[in-house]
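Subject: Structure for your review

Dear colleague,

Please find the structure below, followed by an account of what was found in it.

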Amino acid sequence: MPQAMIDLPELLARVENDRELMRELLLIFKEEFPQRLQALRDGVASMNAERVAAEAHALKGMLSNLAAGPAANAAARLEQLGRNQELSEFQEACASFENIGKELLLQLDVCIAEVCVDEDSHRR
Amino acid sequence: MRILIADDEMMSRKLLQKTLERAGYEVIAVENGRLAADQLFPADGPRLALLDWVMPGLDGPGVCREVRKRKEQSYVYMVLLTSKESKEDVVAGLESGADDFLTKPFDPEELKARLRTGLRILNLEDRLVEAREKMRFQATHDGLTGLWNRGVIVDLLRRELARSSRERTCTVILMCDLDHFKSVNDTYGHLAGDDVLKETAKRLLASVRTYDFVGRYGGEEFLVVLNNCDPAFAFARAEEIRKAIAQKPVPSSSGPLPITISLGILLSQEWGRRPVEELLHEADAALYAAKAAGRNGVKVARPKIASADSESQVHDPVRLRR
């Protein structure tokens, strides 16, 4: 059983049980995450510490809003490395973040499907 | 209540917007600090703002600093949204002019509670401004008639005399006094007397232009300042005021009362540069000449022509009084 990447009860509390809003947030994340991830990769590839910190900060915010704790923590680590100019750690931290991100995206699709089913049943 | 949200991150903006709309706020959402400052600058802009700390260009603390520079506008209660948690960051945020900060990801109930604190502060500010305006009005207006009080009307006259001297125009002083007012009070009581004063104030205001000044100078004495006014207009205005009082009985708690008024006119262009007190004294002398001539009339204060001393003369406004 893989680790849960999204704390659904927490996310539901954050949206005050508004499943429509939850679905919208999940879809916005799904659309925005690949672009943000690419920007982070570019920062890491060019060893641009300032950019890594900025992109990781933005990702951390998105992931926190989504109650995606493990991914938010991995982004926070990258942000900190960027701020501390610890360039040698960038590759490993970014790879670790990407692995978590992959798992998160898989679970995200399941989540979106569940929310849609729940919403339909709520409507019926 | 309108609230501004500024956050460059779409999910965060959406989440804040929905949460606040559900709580009854009218939300304006923007995606950067520059747009936030533009929204908050106008006097009728939102007075509550939630600002993300990190934004491209102008960040949250930068917006706070810009808004606080504008001292003349109503207070804007600003909350910074941040994932920064160090003491130094918090101090820097609050020193930029923010009122509070909220750590991301926010809890909806905490967010609403923090904003309620902001609303209480804005409400307190409204009450203070209202009290200040009330005090300002009381300090500058006569409590019974609502006209300018003596101190203010004399200041306004002083200002207008200086301006007319600079611009070579004429300021006109109308010193007006109700006739036999003491007997109104003695016969019908002070409440009726107050009614007469209030109605006189209304009729005076209705008889002058919107940019002229009317003040209560003393008990039953009123001072009217006509700006940038030629003699013929001044005489006509004085006569209109006299008629406005005399032609229609004044309603009072003791029934309609026949009231008349006497006026002394002074045209500044005929007197050159003189202290305001001296001009008021001369206008008062003209008023008392009108009283001596039988009341319900108008007299003009005129300086003695080619006289070595400063003695004045009082004349009828011949063009109007046959």
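A cavity is defined on a 1 Å grid over the protein atoms alone, as a set of points where a 1.4 Å probe fits but cannot get out, and its lining residues have an atom within 4 Å of a point. The model is predicted, so local features need pLDDT of at least 70 and side-chain atom pairs count only at pLDDT 80 or more, while totals for chains, interfaces and linings use all residues. Residues are numbered from 1 along each chain as its sequence is written, chains are lettered from A and ligands numbered from 1 in the order in which they are written, and side-chain values use heavy atoms, with hydrogens and water left out.

The cavity

A search of the whole structure finds one cavity of 30 Å³ or more. The largest cavity holds about 40 Å³ of space, where a volume is the space filled by probe spheres set on grid points joined across faces, edges and corners. Its lining consists of B:Leu40, B:Pro42, B:Ala43, B:Gly45, B:Pro46, B:Arg47, B:Gln73, B:Ser74 and B:Val76. By class, five of these lining residues are nonpolar, three are polar and one is charged. Here Ala, Val, Leu, Ile, Met, Phe, Trp, Tyr, Cys and Pro count as nonpolar, Asp, Glu, Lys and Arg as charged, and the others, Gly among them, as polar.

The interface

Between the two chains, 16 residues of chain B are in contact (heavy atoms within 4.5 Å) with 18 residues of chain A. The buried area, which is the accessible area (1.4 Å probe) lost by the two parts on being put together and summed over both, is about 1800 Å², with carbon and sulfur atoms giving 60%. On the side of chain B, B:Met11, B:Leu15 and B:Arg22 lose the most area to chain A, together 36% of what that side buries.

Salt bridges

A salt bridge is a side-chain nitrogen of Lys or Arg within 4 Å of a carboxyl oxygen of Asp or Glu. The structure holds 39 of them over all chains, and four salt bridges are counted between chain B and chain A. A:Glu16 pairs with B:Lys112 in a salt bridge, their closest N and O atoms being 2.5 Å apart. Within chain A, A:Glu20 and A:Arg23 form a salt bridge at 4.0 Å, N to O. Both residues lie in helix H2 (residues 19-45) of chain A, three residues apart, about one turn of the helix; helices are DSSP runs (H or I, at least four residues), numbered from the N terminus.

Yours sincerely

Terms used. 1 Å grid on protein atoms, 1.4 Å probe; cavity = no way out; pocket = protein on both sides within 12 Å on 5 of 7 lines; lining within 4 Å. Helix = DSSP H or I, 4+ residues; strand = E, 2+ residues; numbered from the N terminus.
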